[in-house]
Structure formats: C-alpha cells, structure tokens
Amino acid sequence: MRFKQDFFEQLDGFYSQAYPQGISNPHWLGWSDAAAKLIGLDKPNHELLMQLSANAAAPGASYYAQVYSGHQFGGYTPRLGDGRSIILGEAIGPDGAWDVALKGGGPTPYSRHGDGRAVMRSAVREFLVSEALAALSVPTTRALAVIGSDLPVWRESQETAAITVRLAKSHIRFGHFEYFCYSEKGAPDKLTQLLNFTITQHFPHLTTDAAGYKQWFVEVVQLTAKMIAHWQAVGFAHGVMNTDNMSIVGDTFDFGPFAFLDTFKESFICNHSDHDGRYAFGQQPGIGLWNLKRLAQALPPIIASDDLIAALNTYQPSLVNHYVSLMREKLGLSTDSDLDNAEQEKQDLAFISQFTVMLENNQLDYTNSLRKIGTIDISSQHSLLRDDMLDVHQFDSWFQAYQSRVGQVSDVAAWQHERNQHNPKYILRNYLAQEAIIDIEEKADNSKLLQLQQLLTRPFDEQPEMNDFAKRPPQWGQGLVMSCSS
Ligand code: AMP
Ligand code: MG
C-alpha cells in the first residue's frame with residue numbers, strides 16, 4: 001500500500017491521532033481481489049495480515065480517527081466521531097485514492113463507552129455486503145478484507161473480535177458538516193475549509209467559490225437520490241440512516257442491521273431497535289431528503305438559503321428519474337415512444353408501483369419475482385409469474401398493460417437475456433450470511449463465507465450448482481431481525 005495523507009495533512013483539527021491495537025491470533029476470514037485491485041494490491045500475504053490486524057505498523061500510515069456528529073433516529077448528538085474505526089491514510093490506486101480504515105481496530109478518543117471493537121458477525125456482514133452491492137452496481141464503500149481473531153469481546157454474551165478493512169473514496173459524512181457548524185469550534189472558516197477540501201478531493205470539476213459551493217450541494221442531493229433509487233430498485237434496506245452514516249459522495253456507508261428484501265414489503269424493518277419503522281424499506285426515499293435537509297441546515301453560513309432550497313427541490317424528481325430508469329431496465333420498458341418524457345415517467349412509475357403492490361399482496365419474493373421476468377415470452381399469456389399469483393385476474397389485467405407497454409419483441413431470447421443482466425439471481429439474503437457466520441462461530445470454518453462471496457461477485461450469472469442460494473429463506477431464516485449491537 002502506498003499512501004498519501006491529504007486529509008491528515010490538510011485538516012488538522014478535524015481528527016485525533018489514534019493507534020490501533022492488535023487483535024490476537026489474526027487470520028484471514030475473507031479477502032476481496034476486486035477491492036484489492038482498487039489500491040494496487042494483488043493477493044493477501046502475511047505482512048499485510050500483520051499490518052491490517054494492527055499487529056505491525058503499515059509503512060506510510062498516519063492512523064487517525066475523524067470527528068463528526070449527527071442526527072441519530074431524529075435526535076441530534078453533538079459529538080460522535082470514529083469510535084472504532086481508524087484510518088491509515090489514502091491508499092493510491094490505479095484510478096484514484098481510497099481511504100483505508102480498520103473498522104474494529106480498537107478504542108479512539110471518540111469511543112465514549114464503547115470498546116472500539118467489532119464482533120465477527122458484524123465484520124463479516126459488512127465485508128460481504130460491501131462487495132455484493134458493488135457487484136450489483138450500487139454505489140458503496142468497499143471491503144478489502146475481514147480478519148478474524150480469538151480476542152474476546154462482550155456484547156449480550158461473549159463473542160470474538162474481527163476487523164473489516166474498509167476502503168472508502170471518502171469518510172466525510174453529512175455529520176462532519178453538522179459538527180463544524182454547531183460545535184463551539186465551528187464558525188464559517190472551519191466549514192469552508194472542510195468544504196474546500198471536499199470539493200478539491202471529490203468534486204474536482206467544481207470551483208471553490210460561491211458558484212462551486214452552490215453546484216456542489218446540487219450534486220450531493222443528486223448523488224444521494226441516485227444511491228437511494230438503487231436501494232429501492234434492488235430491494236435493499238440500510239437500517240440505520242442516521243446523518244453520521246450518510247457519505248458526502250453518495251456511497252452506501254456504515255452497515256449495521258441491513259437486509260435485502262426477501263418477501264416484498266414496503267413496511268419491512270430490518271433493525272431490531274427501530275421500533276417506529278423510521279428506517280423501514282419504504283421510508284428510505286423520504287429519510288434521504290430529511291437527512292439532506294439536516295445537511296442543508298448546517299450550510300447557510302456558506303451557501304445561500306435560496307440555493308439550498310432550490311437544490312433540495314431537485315431531490316424527488318431526481319430519485320424518481322433514477323428509480324424509474326433502473327426499473328425500466330428490469331422490466332424491459334423501452335422509452336422511445338411518442339409520449340413526452342415526463343408523462344411517460346409518471347405512467348411508468350404508476351405501472352411499476354402496481355407491480356410491487358401485486359408482489360406485496362401475494363407475499364412474493366422480490367428478487368425471484370423479478371428474475372422470472374427473464375423467462376417471459378411477451379406474446380404468450382402464460383408465465384411463471386402468473387403461476388405465483390393468487391389473484392390471477394389482477395395479474396392478467398396488469399400483464400395485458402405490460403404486454404402493450406413492452407410492445408413487439410423480435411428476438412425473445414435476447415430480450416430475456418437482457419432482463420437477466422438487470423435482475424440478479426443471487427443476493428445476500430440474511431439467512432445466507434447467517435449460515436456462513438454460524439459455520440465460523442461453531443466450526444471455525446469460513447468455506448461458506450468464501451463460497452458466498454464468490455457467488456455474489458457474479459450475481460446475474462446462472463450458476464446452476466448454486467441454485468439453492470437463490471431460494472427463499474427457510475422457516476428459521478424468515479424475517480431475521482438484526483440487533484444494533486455490533
Ligand atoms: P454506528 O451505529 O456503527 O454507525 O455507530 C454510531 C457511533 O457509535 C459511531 O460514532 C461509532 O464509532 C460508535 N461506536 C459503535 N460501536 C462502537 C464500539 N464498539 N466502540 C466504540 N464506539 C462505537
Ligand atoms: Mg456510523
């Protein structure tokens with residue numbers, strides 16, 4: 001790893017130095033070749049294992065924890081910061097630099113009452129989901145590796161510690177701006193310094209003046225809208241959309257009790273502690289805007305209110321636009337029609353929503369139902385999807401509209417193949433992650449984890465020997481709710 005230290009060198013006062021503490025008996029549980037390539041690494045080796053488990057210093061690393069605050073479940077916490085994630089610096093890769101962070105690397109000045117550690121189950125889940133989302137083209141932070149240990153940690157019971165090695169284009173969160181707006185150190189100069197750094201590093205096509213600031217916020221709004229459109233289209237629930245978990249570059253960030261939908265349900269809640277369903281699957285688009293408003297509230301010292309409001313007003317149309325275009329690819333709705341774009345989008349959104357309502361009414365699996373689109377011969381009345389419906393009359397009337405919306409398909413096989421490129425067969429179902437975790441816990445066997453990881457790097461490909469991994473969860477794995485303790 002070759003590091004540069006731009007954040008560390010340019011943003012003194014925005015972090016504390018924090019040295020990670022090694023975990024005992026470290027061993028690779030998982031390694032991502034694809035993530036490794038991003039920072040110019042190839043295969044894992046012993047030297048890297050020692051460095052990334054904090055048992056040896058990484059040459060060129062600076063080791064620091066960033067300070068930020070955030071709105072958690074609607075209420076403002078004035079000071080959070082990296083309580084268990086220590087950044088080594090920005091590793092230089094062939095197409096840009098990536099922050100390398102040891103999540104679970106030990107206590108920092110921001111640990112409050114926590115131990116600075118991550119338990120194996122949560123480290124494994126973050127590793128798997130980061131790489132699974134990337135393979136689905138969902139904007140996300142990445143995970144280079146997950147390292148197991150025999151270091152005991154206490155949650156509800158005794159567990160073992162692990163480290164996820166996270167790669168992020170940026171660790172700057174909405175909460176960074178909130179912190180420097182509201183803390184006593186605040187004042188516009190710190191905010192401006194942070195914003196200038198953000199723009200120079202991550203929005204280099206923009207200028208660091210009033211015009212650039214205004215456009216920057218428009219882009220943050222739209223990147224966030226795009227990320228959430230992806231979540232809704234792929235059926236992903238983040239679970240803890242606090243503003244300290246919202247990345248300024250629009251990547252899915254800081255995984256906790258996330259889940260992919262099995263059965264489609266708007267009100268699906270994946271987080272055991274989310275009693276009111278604040279972060280339920282169907283709430284995510286609205287919460288994205290709520291979070292952007294919290295970010296906007298921290299910016300008036302440097303961006304005019306009218307400009308902030310104008311940018312916020314682009315959120316909903318932008319989200320709908322991305323969502324509809326992703327769903328069109330899934331359903332095979334082409335757009336070269338006579339209707340004007342806005343009218344077509346409105347009609348398609350209504351049509352897509354009829355589809356998801358039908359899935360919900362029939363308690364169908366979201367991923368598997370969409371995958372069946374790739375078996376449809378649009379000219380034929382019969383389809384595998386129809387067989388799944390209880391109310392076939394409702395389905396038939398929807399299907400008739402679908403047939404006329406799709407129109408003539410000259411090459412059915414090519415059309416079906418195209419659908420399969422947009423509707424994954426394999427997703428990281430909670431029960432699959434759970435099975436991999438149980439094998440590690442009970443048998444020290446990570447082969448299921450490796451198998452799952454391999455599978456999810458090619459989520460759109462038929463892998464017949466892996467068909468079982470596409471099944472709906474067994475009884476025990478239905479509606480698994482994850483705890484926040486991680
Ligand atoms: P999260 O819900 O993981 O995004 O964490 C929220 C805040 O709590 C962040 O500031 C974390 O750094 C901190 N935190 C979570 N778990 C721990 C832990 N085990 N030790 C110290 N800080 C923690
Ligand atoms: Mg967090």
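Is Phe73 buried, partly exposed or exposed? Phe73 is partly exposed, as its relative accessible area comes to 33%. Keep in mind that this is a predicted model.

**Aromatic pairs**

- The count of aromatic pairs comes to 30.
- One of them joins Phe73 and Tyr279 in a tilted arrangement, with 5.0 Å from centre to centre and 45 degrees between the planes.
- Phe73 sits in the loop between β5 (70–72) and β6 (75–77), while Tyr279 sits in the loop between β13 (259–260) and α8, so this pair ties together parts that are 206 residues apart in sequence.
- Phe236 and Phe260 form an edge-to-face pair, because their planes stand at 65 degrees, with ring centres 5.3 Å apart, and planes over 60 degrees apart count as edge-to-face.
- This pair also links distant parts of the chain: Phe236 belongs to strand β12 (residues 236–237) and Phe260 to strand β13, 24 residues apart.
- Phe236 is buried at a relative accessible area of 0%, and Phe260 is buried too, at 2%.
- A cluster linked by ring pairs brings together Phe351, Phe355, Phe395, Trp398, Phe399 and Tyr402.

**Helix α4 against helix α16**

- Two packed helices are described by the angle between their axes and the distance between the axes.
- For α4 (residues 120–135) and α16 (residues 430–443), the angle is about 135 degrees and the axes are 10 Å apart.
- The two helices are therefore oblique to each other, since an angle has to be over 145 degrees to count as roughly antiparallel.
- Their crossing is right-handed.
- On the α4 side, the contact uses Met120, Arg121, Val124, Arg125 and Leu128, which meet Asn430, Ala433, Ile437, Ile440 and Glu441 of α16.
- By residue type, this contact of α4 with α16 has six nonpolar, one polar and three charged members.

**Helix α7 against helix α9**

- Helix α7 (residues 210–234) packs on helix α9 (residues 305–312) at about 25 degrees, with the axes 9 Å apart.
- That angle makes α7 roughly parallel to α9, because the cut-off is under 35 degrees.
- The crossing of α7 and α9 is right-handed.
- Lys214, Phe217, Val218 and Val221 of α7 make the contact with Asp307, Leu308, Ala311 and Leu312 of α9.
- The residues of this contact of α7 with α9 divide into six nonpolar and two charged, with no polar ones.

**A buried asparagine**

- Asn291 is part of helix α8 (residues 284–297).
- With a relative accessible area of 0%, Asn291 is buried.
- Leaving aside residues up to four places away in sequence, Asn291 touches Phe174, Met241, Thr243 and Met246.

- Most residues other than glycine have a negative phi.
- Ala54 has a positive phi, near 65 degrees, though the residue is not a glycine.
- This alanine, Ala54, lies in the loop between α3 (46–52) and β4 (64–66), where Ala54 is buried with a relative accessible area of 15%.
- Gln363 also has a positive phi, of about 50 degrees, and is found in the loop between α11 (341–361) and α12 (366–372).
- Gln363 is exposed, at 57% relative accessibility.

Technical notes: Residues numbered from 1 in each chain as written. Chains lettered and ligands numbered in written order. Predicted model: local features only at pLDDT ≥ 70, side-chain atom pairs only at ≥ 80, totals over all residues. Heavy atoms only, no water. Axes fitted to C-alpha atoms, helices over the stretch in contact; angles between N-to-C directions. Helix = DSSP H or I, 4+ residues; strand = E, 2+ residues; numbered from the N terminus. Parallel < 35°, antiparallel > 145°, perpendicular 65-115°, else oblique. Left-handed = near helix turned anticlockwise from the far one by under 90°. Contact = heavy atoms within 4.5 Å. Nonpolar A, V, L, I, M, F, W, Y, C, P; charged D, E, K, R; others polar. Buried < 20%, exposed > 50% of the residue type's maximum accessible area, 1.4 Å probe, protein only. Phe/Tyr/Trp six-rings, centres within 6.5 Å; stacked < 30°, edge-to-face > 60°.
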